[in-house]
Amino acid sequence: MKKKNNLYASLKYFIYLGVSMLMFAPLNGQVNLSALSSSLSFFVVVVFLKKKHAIKFTWDYGVIGWTIIFAFVQALNKSFSLDYSLKLYQENQLTFIFQFVIGFLFAYPIFELAKYFFYQKEPEYKAYMAHAQKQRDLFLNLKYWHVYLFFVIIGCSFVLFQQPINLSNDAADELMQFASHEKLIDLNIPLNNHHPVFDTMILGLVFKFGLWLSGNFSFSILILSLVQTAVNATGFAFLSFKLCKSHVNNFLKIIFTIMMLVSPMWINLNATIVKDNLLIVPLTFWFYYFSKIISSKKNLHNYEWIIFAVLSILVSLTRPNLFYVILITLIVLNIFSIRKVYNLKVFSVLITLFLFIFSYNHVLSSSSVVPAKTVEMLSVPLQQTARTMKYNNVNLNKNDRSAVNGVIDITKIQNYNPQVSDPIKGSYDWNGKNKLFIKNFINFLPVWLKIGIKHPLSYFEATYANTFGYINVLSRNTGQGEVLFSNYVTNNNFSNFFGEREYMSQEVANKKNLMNHKFVSILHWPIFNIYQNIGMWSWIVLYIFINAFLHLRAFKRELMLVLPSILTLGTLILSPVNGLNRYYIPIFLMLPLIFISIKKIRIESELNL
């Protein structure tokens with residue numbers, strides 16, 4: 001009987017391995033290393049955890065519900081990964097049914113495991129605490145400065161290896177804006193808040209310090225890169241240090257630490273002048289204090305609340321859309337009253353943040369600074385209209401056509417890109433013309449609604465094609481997935497602006513692009529491609545959030561912990577680019593502290609019991 005049971009178990013594992021392989025196989029049949037390693041990784045993890053915790057899979061309505069939703073979404077993702085549409089399934093419904101069944105069989109064991117770990121029973125913790133303490137004792141003598149020094153040495157070494165430093169087009173604009181007002185007028189480059197003015201100021205000051213120190217443009221860019229690497233290491237080392245000192249299992253500690261050290265995403269970000277770098281440290285420490293408010297039994301000192309308020313402002317200045325994330329988070333935190341003693345202090349931080357950002361924006365609008373373009377927030381309706389008019393026979397009368405042409409240059413609709421809205425929202429230059437755009441957009445809305453009523457499927461495809469990369473676990477690079485820049489500034493206004501004939505020759509740019517592709521290939525390796533799988537992390541935070549919401553009395557603190565990442569994910573769904581890791585940086589930074597804090601909450605709950 002025992003032999004028969006073992007044979008039956010082996011057959012089930014073999015079937016699940018086949019299901020995993022089919023799950024990650026693209027619809028075009030071109031299986032790559034990333035798909036193969038992802039399927040094997042998920043298979044190994046599911047089997048290992050099931051056997052280790054002796055979990056028996058049963059039919060559960062909650063698990064079935066999650067599995068159906070997941071299977072449906074991933075079936076859609078497969079089709080959109082192919083050609084950004086549902087065309088394949090429209091032509092062959094059996095293919096969709098098959099992909100849905102494969103998705104269901106693949107996901108059911110995963111959501112059973114998720115249920116087990118989310119609702120973990122009390123007896124597990126007694127044995128767990130002794131084991132966790134042993135893991136923690138391994139890092140008993142570890143100091144923060146040890147970790148920081150290690151991150152700085154590794155980070156700076158990679159920066160020096162990647163010379164000349166990558167310069168994004170955004171950063172080139174920022175440096176030109178900051179460097180010389182007279183030259184800005186000559187080049188007609190207005191100081192604008194499309195790239196946050198605060199970020200431009202910091203970037204420009206460090207760059208000018210490098211120029212003053214060396215008198216050499218290329219060396220100044222290198223100094224800027226080394227400085228941002230040393231500053232970024234402050235945040236990464238802090239996350240690694242907190243992981244090591246926590247009760248989180250060693251596997252997660254090692255994975256997160258190694259990835260923060262050597263993942264091509266972070267390595268290349270350090271060696272690229274781009275506005276996202278300034279966000280890393282303030283956001284890391286903001287979320288640390290936020291997680292302390294949620295998970296710590298000890299009251300925060302007054303100076304910690306002041307630091308939290310300052311960090312809230314800094315995060316809002318470096319990435320303006322996170323202002324709304326923090327604002328909503330603090331409002332919900334006050335409503336839920338995690339600890340009533342904190343209500344007044346949370347409200348004080350909320351008011352301080354709101355008044356500061358309101359005053360800051362008022363000062364900017366009263367100055368010569370051009371405000372951020374309103375069109376940046378409206379990619380969805382513009383993409384929907386452009387796609388529908390490009391691929392369908394849309395008949396518009398003269399007035400309707402004029403209304404569309406007021407927000408989209410109709411002659412540029414052929415440039416529509418399903419995963420990037422820049423060609424459409426940038427078909428007109430709206431710098432400093434927000435009032436005109438809003439007026440035109442209001443006139444456009446009835447036409448947009450009229451087209452949508454006639455072509456709802458096209459509107460859905462346009463929206464999904466521009467966002468699905470953030471919830472797709474099957475293919476990591478569904479959009480512009482790598483935070484790796486192939487767009488190197490070689491010989492344009494930027495180089496001439498600083499008296500440089502050429503910052504980077506075309507030959508050097510070609511070599512760096514070749515190296516860039518080698519970096520990209522690393523992202524498809526096992527473990528790397530799991531860490532970089534933004535769709536997987538999105539499903540994890542969604543699972544925690546929705547289950548915590550459904551059992552609010554028991555899991556209110558867990559819900560609050562993932563709320564900022566859920567709100568950030570909401571901004572990504574409305575973002576102009578599909579599946580861009582650079583936009584996902586805030587969630588990447590929150591993940592280690594989410595795991596640490598949830599583990600801390602669970603342990604304290606068990607000790608109380």
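Author: Let's start with D422, which counts as partly exposed because its relative accessibility is 40%; the class runs between buried, under 20% relative accessible area, and exposed, over 50% (1.4 Å probe, protein chains only). Please keep in mind that this is a predicted model, in which local features need pLDDT of at least 70 and side-chain atom pairs count only at pLDDT 80 or more, while totals for chains, interfaces and linings use all residues. Residues are numbered from 1 along each chain as its sequence is written, and side-chain values use heavy atoms, with hydrogens and water left out.

D422 has a salt-bridge partner in K425, with the closest N and O atoms 2.9 Å apart. By salt bridge I mean a side-chain nitrogen of Lys or Arg within 4 Å of a carboxyl oxygen of Asp or Glu. Both residues belong to helix α20 (residues 422–425), and because they are 3 residues apart there, about one helical turn separates them. Helices here are DSSP runs of H or I with at least four residues, strands are runs of E with at least two, and both are numbered from the N terminus.

Another joins the side chains of D276 and R582, at 2.6 Å from N to O. D276 is in the loop between β2 (272–273) and α14 (280–295), and R582 is in the loop between α27 and α28, so their pairing ties together parts that lie 306 residues apart in sequence. D276 counts as buried because its relative accessible area is 3%, and R582 is buried too, at 11%.

Helix α14 brings in one more pair: its K292 links to E304 in helix α15 (residues 302–318), 12 residues apart. The closest N and O atoms of K292 and E304 are 2.7 Å apart, and both residues are buried. There is also a network of salt bridges, which links D60, E112 and K115.

Now for the surroundings. R582 sits in the loop between α27 and α28, and Y584 is among the residues touching the most other members of the largest nonpolar core, which has 130 residues. Such a core is a set of buried Ala, Val, Leu, Ile, Met, Phe, Trp, Tyr and Cys residues joined through side-chain atoms within 4.5 Å. Helix α28 (residues 585–608) gives the most to this core, with 12 residues.

Leaving aside neighbours within four places in sequence, Y584 is in contact (heavy atoms within 4.5 Å) with residues including Y470, W537 and L569. L569 is part of helix α27 (residues 552–573) and is buried, at 6% relative accessibility. Beyond its neighbours within four places, L569 in turn contacts Y470, S538, L542, Y584 and I587. L569 and I587 lie 18 residues apart in sequence, with their C-alpha atoms 8.0 Å apart in space.
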